[in-house]
Amino acid sequence: MITDVIRSLYRYNAWANAQILDAAARLTREQLLAPGGASFDSVRDTLVHTLGAQWLYLERWQGRSPRSMPGPAEFADLLAVRARWDEIERATAAFVAALTEARIAAVVEYENFEGQRWAYPLWQQMIHQVNHATQHRSEAAMLLTRHGHSPGWLDYLYFVDVQAPAR
């Protein structure tokens with residue numbers, strides 16, 4: 001069932017996000033904010049974008065179309081990032097737990113920031129959101145590794161192996 005696949009992907013997503021946040025916790029404030037040349041430059045900015053996109057899609061799936069995402073200036077430090085992300089992870093887990101096959105197959109419409117209407121089946125949007133997070137976690141991992149704090153392996157099958165009882 002597609003709901004089982006989605007639930008597995010979202011368990012992986014939460015685990016991988018935690019790996020990145022744990023590695024980021026070892027950074028100094030200067031390292032957290034240092035320019036690094038990724039899509040969103042600093043580790044903090046990359047993390048904020050990633051959590052913002054997860055929040056944005058969760059809002060869309062619940063029939064809301066926010067007009068903007070949270071910005072880096074809203075997060076003074078990693079504790080603020082982690083606190084907000086923990087809220088988003090709890091809300092995401094509750095949403096995923098309640099999914100049915102019918103709900104996940106349904107088309108969800110939303111309006112993007114430019115006011116354009118988009119519509120895709122929920123399962124496609126959910127896979128997109130996890131894939132998007134993977135891209136930006138990879139960028140954060142590169143920046144973290146440059147600072148000497150690699151998050152380690154973030155591959156899905158590695159997650160499957162370390163989470164064996166949850167299979």
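**Note on the cavity and fold of a predicted model**

1. About 30 Å³ of space lies in the largest cavity of this predicted model, and the structure holds 1 cavity of 30 Å³ or more. A cavity here is a set of points, on a 1 Å grid over the protein atoms alone, where a 1.4 Å probe fits but cannot get out. The volume is the space filled by probe spheres set on the points, with grid points joined across faces, edges and corners.

2. Basis of the values. The model is predicted, so local features need pLDDT of at least 70 and side-chain atom pairs count only at pLDDT 80 or more, whereas totals for chains, interfaces and linings use all residues. Residues are numbered from 1 along each chain as its sequence is written, and side-chain values use heavy atoms, with hydrogens and water left out.

3. Lining of the cavity. N17, I20, T46, L47, T50, W85, H136, R137 and A140 line the largest cavity, lining residues being those with an atom within 4 Å of a point. At least two lining residues come from each of helix 1 (2-24), helix 3 (43-61) and helix 6 (122-146). By class, the lining comprises 4 nonpolar, 4 polar and 1 charged residues; Ala, Val, Leu, Ile, Met, Phe, Trp, Tyr, Cys and Pro count as nonpolar, Asp, Glu, Lys and Arg as charged, and the others, Gly among them, as polar.

4. Fold. The protein chain has 7 helices and 2 strands, where helices (H or I, at least four residues) and strands (E, at least two) are DSSP runs numbered from the N terminus. Their order from the N terminus is α-α-α-α-α-β-β-α-α. The radius of gyration of the protein chain, taken over C-alpha atoms, is 16 Å, close to the 15 Å that the globule rule (2.2 Å times the number of residues to the power 0.38) gives for 167 residues, so the chain is as compact as a globular protein of that length.

5. Residue N13. This residue is found in helix 1 and, at 0% relative accessibility, counts as buried (under 20% relative accessible area, with a 1.4 Å probe and protein chains only). Beyond its neighbours within four places in sequence, N13 is in contact with Q54, E89, Q129, V130, A133 and R137, contact meaning heavy atoms within 4.5 Å.

6. Residue D41. Although not a glycine, D41 has a positive phi of about 70°. D41 is placed in the loop between helix 2 (29-33) and helix 3. With a relative accessible area of 32%, D41 is partly exposed, the class between buried and exposed (over 50%).

Notes:
1 Å grid on protein atoms, 1.4 Å probe; cavity = no way out; pocket = protein on both sides within 12 Å on 5 of 7 lines; lining within 4 Å.
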